[in-house]
Amino acid sequence: MSKPLDYLIVGLGIAGISICEELQARKLSFKVFNTYSKCATAVSGGILNPTVLKWFTTPPHTEKFYPKALDFYASLQNKLKGNSFYCQKPIYRIFASYQEQNNWMAASDKVKMKAYLNPDIVSNGNPNINAPYGMGIINQTAQIDIQTLIDQYVSELRKLGCYHDVRFLYDQLRLTHDTFEYKGITAKHIVFCEGISVLNNPFFKDIALKPGKGEYLIVHAPDLKATGILKGKRYLIPLGADTYKVGATFGDESDGLDWEPSDKAFEILKSDIEEMIACAFTIEHHFAGIRPLTPDNKPILKQHSAHPRMACFNGLGMRGLTTAPYYAGVLIDCLESANAIPTV
Ligand SMILES: Cc1cc2nc3c(=O)[nH]c(=O)nc-3n(C[C@H](O)[C@H](O)[C@H](O)COP(=O)(O)OP(=O)(O)OC[C@H]3O[C@@H](n4cnc5c(N)ncnc54)[C@H](O)[C@@H]3O)c2cc1C
């Protein structure tokens with residue numbers, strides 16, 4: 001019988017990728033089971049933003065998770081050595097009124113916000129962007145080409161022989177006293193990182209996750225010539241070759257677990273683009289994904305009540321790309337030291 005692996009990982013969105021990186025940094029062995037049928041990471045906007053742009057504040061614990069996120073993606077870029085997927089890029093917040101300008105200036109003077117909000121009001125020099133009240137620049141923001149990152153990461157794991165492109169079948173997992181066994185592979189720990197699909201996981205039936213549907217349009221706007229990320233009513237994210245990702249919408253629980261793009265969101269996004277830009281555009285693509293939201297907006301780092309070496313990493317919500325690298329470290333610290341997981 002071969003030596004057990006240290007970990008099995010189910011799911012390779014940003015939660016799973018962050019766990020793999022923690023394990024590799026600690027020289028721990030693992031295998032991943034993943035299919036990319038329903039993956040929030042793959043359809044995300046790819047934006048790293050340390051602020052809440054509705055209120056000009058920061059989310060709780062930004063000082064812990066944000067520096068870690070910037071470092072994580074820059075290091076991953078160096079490690080994978082493939083096409084670039086990480087780019088520091090400013091976000092331009094388009095103001096809707098003089099009142100918002102004032103709120104911005106007041107917020108940028110607060111100690112917590114100084115590093116992130118540039119106090120200057122930038123006047124709009126692009127006639128194809130509608131911004132009569134000007135814009136504010138958010139510092140330390142970045143854009144990730146998430147599909148390139150995923151493709152490179154999977155290819156790296158395949159080279160290491162630790163990626164299985166198959167659906168994990170819960171009823172095939174055997175639990176023994178000190179190991180987990182799955183189709184002939186044994187491991188000391190198992191971490192589930194399944195995003196919204198955790199709702200099918202019989203080992204974590206009590207996880208309180210709310211689906212939060214989000215939809216994007218990909219548009220071609222040859223005259224727009226915007227290089228930074230624009231945030232007006234929606235994000236308008238430059239993808240190169242005069243194409244932009246526009247969104248995302250925020251569906252509610254009534255949308256359930258439906259990953260199909262909807263006519264309703266199409267009309268909303270189209271009308272929002274028309275409000276944000278003054279030039280012609282064509283819509284090339286429309287897609288949807290589901291954010292794994294939690295009722296208290298906190299991530300889920302949880303051990304199974306009867307099997308403490310079985311854990312769930314989920315609930316990354318609206319900004320999982322920014323929070324996953326930090327919380328993956330917290331979870332693996334606890335599993336490796338057998339300490340209780342702290343309240344996050
Ligand atoms: C429209 C939209 C836009 C977003 N934009 C941003 C953004 O700009 N910035 C940001 O920080 N966050 C953003 N988010 C949030 C972010 O995408 C999520 O918080 C994050 O991707 C969740 O990652 P995850 O790894 O937990 O889940 P997922 O990314 O969903 O990954 C789960 C993976 O597990 C696999 N899986 C599940 N069950 C099984 C099984 N039984 N067997 C095998 N594989 C399985 C799934 O197929 C999937 O590949 C956005 C989300 C959405 C939906």
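The protein is divided into domain 1 (5–49 + 147–209 + 296–337) and domain 2 (63–144 + 211–293), with bounds that come from an automatic or database domain assignment. The model is predicted: local features need pLDDT of at least 70 and side-chain atom pairs count only at pLDDT 80 or more, whereas totals for chains, interfaces and linings use all residues. Residues are numbered from 1 along each chain as its sequence is written.

**Domain contact**

The C-alpha centres of domain 1 and domain 2 lie 28 Å apart. Across the boundary, 27 residues of domain 1 are in contact with 32 residues of domain 2; contact requires C-beta atoms, placed from the backbone, within 7 Å. On the side of domain 1 that touches domain 2, two or more residues come from each of α2, β3 (47–48), α5 (146–160) and α7. Helices (H or I, at least four residues) and strands (E, at least two) are DSSP runs, numbered from the N terminus.

**Ligand shell**

The ligand is surrounded by 42 residues, and the closest are G11, G13, G195, G214 and G320. A residue is near a molecule if its C-beta atom, placed from the backbone, lies within 6 Å of it. Domain 1 and domain 2 each give at least three residues to this shell. Elements supplying at least two residues each are α1 (14–25), α2 (40–43), β12 (210–220), β16 (282–293) and α7 (320–337); β16 provides the largest share, four residues.

The table gives the shell by class.

| Class | Members counted in the class | Shell around the ligand |
|---|---|---|
| Nonpolar | Ala, Val, Leu, Ile, Met, Phe, Trp, Tyr, Cys and Pro | 19 residues |
| Polar | the others, Gly among them | 18 residues |

Definitions and conventions:
Two residues are in contact if their C-beta atoms, placed from the backbone, lie within 7 Å.
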